[in-house]
Amino acid sequence: MISYRPDYYDDFKCIADKCKNSCCIGWEIDVDSFSQERYEEISFISDKIKDGSYVLCEGDRCPFLRADGLCEQIIRYGGDILCDICREHPRFYNEYEDHTDMGLGLCCEEVCNIVLHKEDKFRLIPEREMSGEIKIIQDRSIPFSARIRKLDGRTFDLKQLVQDYIDLERLYPEWTEILNGIMEQDLSYGEVERFMDDNPVPMEQLVCYFLYRYPDKVWFSVISSILISCGCLCSKSKTFFDIVRMYSSEIEYSDLNISQLEKIYA
Ligand code: SF4
């Protein structure tokens, strides 16, 4: 079966100890059953598994994450020792009847760095014609906000949109501060569209990512681009990159959050 990947896919390499927002902190790490069997003879690892997950340490750190940001498992046994989730993250695979779409998730700061810095249009390897929605978003002859309006002509109530995000389940309290910060401001739709139009290339890469990853959820690509723009306009301490990474971690990696939004916006 044929597999497609974005052209930047092969540029990704985990930056490990250089990472300021390690995925080894704050997330539950489920160990697949095949790896659990492999670990039965390695008590150094198996002792730290309970109910199929690694027992996190203080600050929700992976028990194998050293103070210097390196992984004790890799140092002792090499990269092949890793369980599926540690080896694969932040890669994703969407399986279809006749092909697989592979990609890299924006919850990882290095992926944000690669994707949002890209100037060339999103494309796949091997080459494949883009979906109609991606073609619209890549139409650089019109302002970015006009491209979004072509995807979804609705004008969203910004306060209500942010409230709907506040009502979702939360990973980091920092995200609540971003959402509350948006609530405190009286943002107009025009300001949001101006932000999009002032940042057309990273916005385009962002929305292409969503459209590729969730081809049947165009509404999600649209409300994500609006919410992220609001966050960027209202946060003084966070960059566009920070907001995208946090958004991805908070929303994309929670099925509950996506299905909650789907009930309101699909
Ligand atoms: S967030 Fe990305 S760069 Fe950072 S440790 Fe995880 S995979 Fe590596």
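## A strand pair to start with

In strand 5, asparagine 94 has aspartate 101 as its bridge partner. Helices and strands here are DSSP runs numbered from the N terminus, with helices being H or I runs of at least four residues and strands being E runs of at least two. Before going on, note that this is a predicted model: local features need pLDDT of at least 70, side-chain atom pairs count only at pLDDT 80 or more, and totals for chains, interfaces and linings use all residues. Residues are numbered from 1 along each chain as its sequence is written.

Back to our pair. Strand 4 and strand 5 (residues 99–104) run antiparallel and share 5 bridges; two strands count as paired if DSSP finds at least two bridges between them. Phenylalanine 92 also has a bridge partner in strand 5, namely glycine 103. A hairpin of 3 residues links strand 4 to strand 5.

Let's zoom out. The sheet is an open one, made of 4 strands in the order 4-5-1-6, with mixed pairing. Strand 4 (91–95) and strand 6 (124–125) sit at the edges, so each pairs on one side only. Strands of a sheet pair through backbone hydrogen bonds, either parallel or antiparallel.

Strand 1 (residues 2–6) pairs with strand 5 in the parallel sense, over 3 bridges. There, isoleucine 2 has histidine 99 of strand 5 as its bridge partner. With strand 6, strand 1 pairs in the antiparallel sense over 2 bridges, and proline 6 stands opposite leucine 124 of strand 6.

Proline 90 is in the loop between helix 4 (84–88) and strand 4. Proline 126 is in the loop between strand 6 and helix 6 (132–137).

Then there's aspartate 51, which isn't a glycine but has a positive phi, near 50°. Look for aspartate 51 in the loop between strand 2 (49–50) and strand 3 (53–54).

## Around the ligand

Which residues surround the ligand? They are Cys14, Ile15, Ala16, Cys19, Asn21, Ser22, Cys23, His89, Pro90, Cys108, Glu109 and Glu110. A residue counts as near a molecule if its C-beta atom, placed from the backbone, lies within 6 Å of it.

Nonpolar means Ala, Val, Leu, Ile, Met, Phe, Trp, Tyr, Cys and Pro; charged means Asp, Glu, Lys and Arg; the others, Gly among them, are polar.

## Helices that cross

Helix 12 (residues 218–234) crosses helix 10 (residues 189–198) at roughly 95°, and their axes come within 9 Å. Axes are lines fitted to C-alpha atoms, for helices over the stretch in contact, and angles run from 0 to 180 degrees between N-to-C directions. Helix 10 and helix 12 are therefore roughly perpendicular, a label for angles of 65 to 115 degrees (under 35 is roughly parallel, over 145 roughly antiparallel, the rest oblique). Glu191, Val192, Phe195 and Met196 of helix 10 meet Ser225, Ile226, Ser229, Cys230, Cys232 and Leu233 of helix 12, where contact means C-beta atoms, placed from the backbone, within 7 Å. That contact has 7 nonpolar, 2 polar and 1 charged residues.

Helix 8 (residues 158–166) also crosses helix 12 at roughly 95°, with the axes coming within 11 Å. That makes helix 8 roughly perpendicular to helix 12. Here Leu158, Leu161, Val162 and Tyr165 of helix 8 meet Ile223, Ile226, Leu227 and Cys230 of helix 12. The residues of this contact are 8 nonpolar, no polar and no charged.

## Two domains

The domain assignment, which is automatic or from a database, gives domain 1 (24–88) and domain 2 (130–265). The C-alpha centres of domain 1 and domain 2 lie 33 Å apart.

Definitions and conventions:
Two residues are in contact if their C-beta atoms, placed from the backbone, lie within 7 Å.
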